Amino acid sequence: ETNKLYCTSVKCCIFELKAELNSDKKEKKKEAVKKVIASMTVGKDVSALFPDVVNCMQTDNLELKKLVYLYLMNYAKSQPDMAIMAVNTFVKDCEDPNPLIRALAVRTMGCIRVDKITEYLCEPLRKCLKDEDPYVRKTAAVCVAKLHDINAQLVEDQGFLDTLKDLISDSNPMVVANAVAALSEISESHPNCNLLDLNPQSINKLLTALNECTEWGQIFILDCLANYTPRDDRESQSICERVTPRLSHANSAVVLSAVKVLMKFMEMLPKDLDYYGTLLKKLAPPLVTLLSAEPELQYVALRNINLIVQKRPEILKHEMKVFFVKYNDPIYVKLEKLDIMIRLASQANIAQVLAELKEYATEVDVDFVRKAVRAIGRCAIKVEQSAERCVSTLLDLIQTKVNYVVQEAIVVIKDIFRKYPNKYESVIATLCENLDSLDEPEARAAMIWIVGEYAERIDNADELLESFLEGFHDESTQVSETHTHTHLQHVLHKHTQNTPDSDNPDLRDRGYIYWRLLSTDPVAAKEVVLAEKPLISEETDLIEPTLLEELICHIGSLASVYHKPPNAFVEGSRGVQHKRLPARTASGESAESPDAGQSVGGVSDAPPAVIPSQGDLLGDLLNLDLAPPSASVPVVPASMQMGVDLLGGGLDSLVGLHRPSGSQYIAVGLAGGTGGMPAGLGGTPAMGGGLGDLFDLGGGVGMATGSYVPPKAVWLPAMKAKGLEISGTFARRGGGIHMDLSLTNNAMSIMTDFAIQFNRNSFGLAPAGPLQVLTPLAQNQTIDVSLPLNTNGPIMKMEPLNNLQVAVKNNIDVFYFSCQYPISLLFVEDGKMDRQVFLATWKDIPSENETQYQIKDFHLNSDAASTKLQGSNVFTVAKRTVDAQDLLYQSIKLTNGIWALAELRIQSITPNYMLALKCRAPEVSQYICQCYELLLRN
Amino acid sequence: MIGGLFIYNHKGEVLISRVYRDDIGRNAVDAFRVNVIHARQQVRSPVTNIARTSFFHVKRSNIWLAAVTKQNVNAAMVFEFLYKMCDVMTAYFGKISEENIKNNFVLIYELLDEILDFGYPQNSETGALKTFITQQGIKSQPQTKEEQSQITSQVTGQIGWRREGIKYRRNELFLDVLESVNLLMSPQGQVLSAHVSGRVVMKSYLSGMPECKFGMNDKIVIDKQGKAGASDEAGKSSGKQSIAIDDCTFHQCVRLSKFDSERSISFIPPDGEYELMRYRTTKDIILPFRVIPLVREVGRTKLEVKVVIKSNFKPSLLAQKIEVRIPTPLNTSGVQVICMKGKAKYKASENAIVWKIKRMAGMKESQISAEIELLPTNDKKKWARPPISMNFEVPFAPSGLKVRYLKVFESKLNYSDHDVIKWVRYIGRSGIYETRC
């Protein structure tokens, strides 16, 4: 009979219902309203019945009343005028002796989004908020949030927020919980006013209510607690102690919200505290228990565990087994478990993990199998001892001949080869057998790479490459790129020449540049193409550190499921607040953390790590016997000598890779040079820039702005040097370091026979040639000289680090002076780190090595800052915008191979930049920070 | 918070739609149908984001329940709520099916109005709800003032799960220790992972507001007592009898802070049946059965399978409902089975040989052999060899858990702990009990 209610035909027409609604019989009326509701559910428009339904409202029958209210909530908005008819009943119901009816009225009224009704709601709501019955109060608390959603101003004007705050001290736990929920929601749209006013007293009240309220109420309270920042580690610990019992709750959401509070407050506890260790131990079992929940909850739990494992790997490091995939797990659970298994893999458990992964690789779901194969490769790279076993497992899998398994395996074997060169080449023969089955670009590219890299060991490498060449025109860019590169590698090995012909200008140019390089100087070419490859990072898909911190603050919520900050999927003003983990406070015995904004401390104790690494790319390139450009002209004519053309084309094609179409013959990179450079000087570092850029596919664009050159300063006053005044500065041009000097003769006689020498210094700076003062320096004459420098000189740590002691000799005497160079002078052009490598390195450098620095009163948007910095070889690896804040992740490489990683926080509200710098050699941090300020301000 | 709740049948027709928030429009109902229910692909996630709107869904038989939101809600809470909603509906009208939902839609709307306010879950304990949800004539209309305030104080109160004034002539309680034992074993007999997930389900028919205390052979408690008492007897009993519990969770009636500090389990139970606790153990598990598989490929068109099962518990106990499921390749053309005990059948539709044994005593073994004929195929993909799985039921707790006591105190009424009739039962069932082959 009820199925009739759901009938969607037009025949169940409005007329019949109208008649029934106006019937005298109660039962008939009720049935009619039910039919109306059913029609409403399936999407039929029954708004025409509005007056008839509202007429049924005034009844003692609670059941009928509820049905009418349901109808009202749905249609009041479309019939505002008629909805007024209902107001009287609502107001009357709010005075009803039965608390259930009072609550029902106030609950429903809040759901009717009609302005006129809202006005009438205020008085009843005020009474209900102070009702003697807790059921009414808890309903009224939520109603304030409803009203705020309709008309925020009204709520404030009427003082409901204060009443709501009072309810936090209510004697009934459920009232407290609902008040907390309502306040939390309202405060989300008022990020600035501290509505919840969390202080130790109110926190205490919340913690008391936590023990007594329903499971849902506990969630509201815990989620609210997570927004509080304790004053010190002691308060933090006492809150943690009162929250931990929640970890045994049957409701997974209560558990996860408790985990969130603990993960957040734990940040403040000193690590040497016993309680810290206890807490860590307490977290593991409940997280594991979450995995025996229903699959949907398991999924939520696994996404969160993924974050927790990245933040605090120690919590679950012994729990690998629980993440083993079960045959019947839904696919989304399987994929997430696999992710966590890779993260937890270590030398201790690798045997078990590999055995499992091998099982998974024979499953049915293609995505899952691919991920499993990839995971085997990750294990090899992560745990060196297992590499051999991983490779043999992968070979077994290749033998299965399942097409996608083979392809995936080849892709990961390539990575293993890169990580452990010249170790597993014995398997190449097996790989080559599978050439024909490769039809995915990534796998083909990987295979071509392998063939090229090990061309010397493959007898028929020629043939194999030729066979790939046949399909060259049809290949995707990824394959062709590798191919061109590989082909060249191969050519280098075999000393034969062959240039691919392609329609893709970028690719073709790259082919040409390699080819020309090859014909100019095969040795140099070998250095360039066979140069060291960038590191393979151990971890994949790591979440950026700041994002990770933010997501930890959102444990249990949708943000933690999506692994995205809330503003990425929430519209409007809600969730805009950007959450961060609290900083560890220094109280009592623990004083391990540096305060934000303060510069690095304890420089002198650490052993000097400023040692140049041999075989560093730039160093190699210095030996290139190629002519530097004599003059930098924006347009390089094709007829120019080979070296220049090569560079022009090279830069162009590389820059072009990131542009839609390569604007072919404009040399971008060399614009910074001035005319003062001597031509034909062998081994000038100027080449470093151009060739270094070959490897920097992302950089080079901002080069045109040039690096920062400080104004000349007087280094040697005339009175100290018998009339010779030397002022100077340092500049980085075209990848080379220059000392630009102005020599002024204030003496009475002519000066000749100039020579210069440097004392040993921190970075091995030394003149790359003699000081070229060709004509004698007459009285009152000033001459400008540019002295090219290299970093091949002897090394000694100086104080300050960037101090340089110089001796200048002329026909009169020898003079000594010291000067300081901006450390940005040493930032090299290939200092752009790969994103993945950046993340891994950032994570890897201990936080003790982090330096915070504040740049005050500075107004420049992030793009301008980024461009400015890039001009001095500070490369932006990634940019993230969080609300009003831009975060720039930047990498810097010094001439001696030291890397510095930076996070630059730019707020549009305050004119202050925050710089966080991580470097394995923390001594240099301070100088880099200073440089940042210098570079930005100029 | 939750912006709306929709229930669909398998075709994607809406059976229930309740919108709580203004940011959720009618089009959300269609978006979920088109993108999830009617999606060709298998569902890859229980959370779907369509046009900045997030959909959480669970499925019960062929009914879809979806919660919708546009905010950064507590995802775990939404799923817990959806499960709870299923429990409540089941408690009211039985199985969640299209017909039952259609027959009870007014009741469902009334429930949804009560358990979710503006998207915030409210009290969802069936016991409490049944006191005032009007549908199905459970409550006669005119209530006295006392009754009304009793209802509201129960719904909002500290003991929301129990009402006052319950009276039984016979005070009685039943405890069921229900365990499911999970195993993943390698073909060589190595335990890859094993755990027991257990539940203590209580049926209480007790008068008044009884204060209960539950005790079991928890290693931590026994060790503590052993130390405190220092008597030989305590020491002896703690030696082997106690079990290490990895983790446990409790019904909301249990005082968690007391458990955290003293590890004692005390509570005022709901009336009737409920789940007191869940626990998990991984150490010293008694694996009731061992499966020894032997699969041999004879040429390309034949497989020989031999499976031995051994029971590993006291000979006086009987396992029941034993079922061994041996997967067969997709290209199986015929199967011949010989088994010593029970009945075995090849089920082509399930791609498996199903071997059933009604009863089996402890310390016994039984064997099945099968010859599987295969059709020649040119499918390159190898057969994945799914694991052999087992089902069974045994009358003991594989974790070794023992109930030591359940004390009942009701100071206001005149019955004591001794007057309560108590029953304890242990049932161990197979969870995912698999052996790879």
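**Notes on the A–B model**

1. Let's start with B:Glu114, which is buried at 3% relative accessibility (buried means under 20% relative accessible area, exposed over 50% and partly exposed in between, with a 1.4 Å probe and protein chains only). A:Arg107 also counts as buried, at 4%. The side chains of these two meet in a salt bridge, 3.2 Å from N to O. B:Glu114 sits in helix α4 of chain B (residues 105-115) and A:Arg107 in helix α6 of chain A (residues 99-111), so the pair joins two chains. A salt bridge here is a side-chain nitrogen of Lys or Arg within 4 Å of a carboxyl oxygen of Asp or Glu. As for the background, side chains of opposite charge can pair when their charged atoms come close.

2. A word on the model: it is predicted, so local features need pLDDT of at least 70 and side-chain atom pairs count only at pLDDT 80 or more, while totals for chains, interfaces and linings use all residues. Residues are numbered from 1 along each chain as its sequence is written, chains are lettered from A and ligands numbered from 1 in the order in which they are written, and side-chain values use heavy atoms, with hydrogens and water left out.

3. Now the A–B interface as a whole. Contact (heavy atoms within 4.5 Å) links 91 residues of chain B with 105 residues of chain A. The two chains bury about 8,500 Å² between them, 55% of it on carbon and sulfur atoms; buried area is the accessible area (1.4 Å probe) that two parts lose on being put together, summed over both.

4. One pairing to look at is A:Asp367 with B:Arg44, a salt bridge whose closest N and O atoms are 2.8 Å apart. α2(B) gives the most to the side of chain B that touches chain A, with eight residues. That side of chain B divides into 35 nonpolar, 31 polar and 25 charged residues.

5. The largest nonpolar core has 255 residues, and A:Tyr71, A:Leu316, A:Phe417 and B:Phe56 have the most contacts inside it. Its largest share, 14 residues, comes from helix α2 of chain B (residues 75-93). Another core, of 64 residues, lies apart from that one, with A:Tyr708, A:Ile726, A:Tyr821 and A:Leu936 among its members. By definition, a nonpolar core is a set of buried Ala, Val, Leu, Ile, Met, Phe, Trp, Tyr and Cys residues joined through side-chain atoms within 4.5 Å.

6. Chain A has 36 helices and 13 strands; helices (H or I, at least four residues) and strands (E, at least two) are DSSP runs, numbered from the N terminus. Of its 938 residues, 59% are buried. Among contacts in chain A between residues at least 6 apart in sequence, 69% join residues at least 24 apart.

7. Inside chain A, A:Glu903 and A:Arg905 meet through their side chains in a salt bridge (3.5 Å, N to O). A:Glu903 is buried at 6%, and A:Arg905 is buried at 8%. Elsewhere, salt bridges that share partners join A:Glu267, A:Lys311, A:Arg312, A:Glu314 and A:Glu549 into one network. Within it, A:Glu549 bridges to A:Lys311, with the closest N and O atoms 4.0 Å apart. A:Glu549 lies in helix α29 (residues 545-552) and A:Lys311 in helix α17 (residues 295-311), both of chain A, so the pair ties together parts that are 238 residues apart in sequence. A:Lys311 is partly exposed, at 24%.

8. Last, a loop in chain A. A:Asp170 lies between α10 (160-167) and α11 (173-188) and is buried at 17%. A polar atom of its side chain lies 2.8 Å from the backbone nitrogen of A:Asn172.

Methods
Nonpolar A, V, L, I, M, F, W, Y, C, P; charged D, E, K, R; others polar. Polar contact = N/O pair within 3.5 Å; in protein donor to acceptor, adjacent residues only side chain to side chain.
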